[in-house]
Amino acid sequence: MTVYNNAPYICEAIRSALGQTYPHLEVVVVDDGSDDGSWDEVCKFPEVRARKQDRGGIGAARNLAVSMAQGDFFTFLDADDRFPPDKLEIQLRAFAAEPELEVTYGYVREFVSPDLTAEEAARIRPAVDRNESHLSGVMLIRRAAFERVGPWTVGLKVGTGVDWYARSQEAGLRTSVLPDVLLERRLHLSNNGLRQADNRIQYAAILKAALDRRRAATAQPDRLLQD
């Protein structure tokens, strides 16, 4: 987990991770330079491995969390979202049934944050009850597969997950999409997509980079034949 100025929600997110029906887990939290008391909230959980860093962005914070983690599988929870209690149990059951599987996805359920007033809630689009998703919070991935794709890109204001998912597709990971809801995504006035609306042009740059990599990969056999 990474957190930047999400003090109202971080405890609920941590509790959803610690409360999994699958008991053999490790929760790692990186505070990315919060100044709203988020770090104090994280420190209320002594069973969590936590570290605070200077503001570096979500990519840098996630990479630090990965370097701290010791498990064989990774999933990534945003500080304002929460896991259903059986998320890990469901996904690990899928891995046990198919040993060659490298990454699983599933569905997300959105909810309007209950702390909003009626006027604030009216400013947010309606929540989707069930939607297939490749968000990093839905994902569970083997460590070796994650390392094959590579670390999160550092420096992006938005689209960090889109960039990583595009690279994972290029890596050809063996993937399964399960029919279960594996993430509950909070809609509120401070969602990153709202805070960073002026940086959405970065999505176009991410998609262009993915297309350029695919074109280069397609052209590579022709160059080998010419050589």
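**Surface, burial and a pocket**

Modeller: The accessible surface of the protein chain comes to about 11900 Å², and carbon and sulfur atoms hold 52% of that. Keep in mind that this is a predicted model.

Biologist: Why is cysteine 11 called buried?

Modeller: Its relative accessibility is 11%. Buried means under 20%, so cysteine 11 counts as buried.

Biologist: And what makes cysteine 43 partly exposed?

Modeller: Cysteine 43 has 45% relative accessibility. Buried is under 20% and exposed is over 50%. The value for cysteine 43 falls in between, so the residue counts as partly exposed.

Biologist: Which residues of helix α1 are buried?

Modeller: In α1 (residues 10-18), they are Ile10, Cys11, Ala13, Ile14, Ser16 and Ala17. These buried residues pack against β1 (2-3), β2 (28-32) and α2 (38-42). Over the 227 residues of the protein chain, 43% count as buried.

Biologist: What is the volume of the second largest pocket, and which residues are closest to its centre?

Modeller: The volume is about 540 Å³. Of the 23 lining residues, Leu25, Glu26, Phe73, Phe74 and Thr75 are the closest to the centre. The elements giving two or more residues to the lining are α3 (58-68), β4 (73-74) and α4 (87-97).

Biologist: How does that lining divide by class?

Modeller: The lining has 17 nonpolar, four polar and two charged residues.

Technical notes:
Residues numbered from 1 in each chain as written. Predicted model: local features only at pLDDT ≥ 70, side-chain atom pairs only at ≥ 80, totals over all residues. Heavy atoms only, no water. 1 Å grid on protein atoms, 1.4 Å probe; cavity = no way out; pocket = protein on both sides within 12 Å on 5 of 7 lines; lining within 4 Å. Points joined across faces, edges and corners; volume = space filled by probe spheres on them. Helix = DSSP H or I, 4+ residues; strand = E, 2+ residues; numbered from the N terminus. Nonpolar A, V, L, I, M, F, W, Y, C, P; charged D, E, K, R; others polar. Buried < 20%, exposed > 50% of the residue type's maximum accessible area, 1.4 Å probe, protein only. Contact = heavy atoms within 4.5 Å. Areas by Shrake-Rupley, 256 points an atom, 1.4 Å probe, with all protein chains shown as cover.
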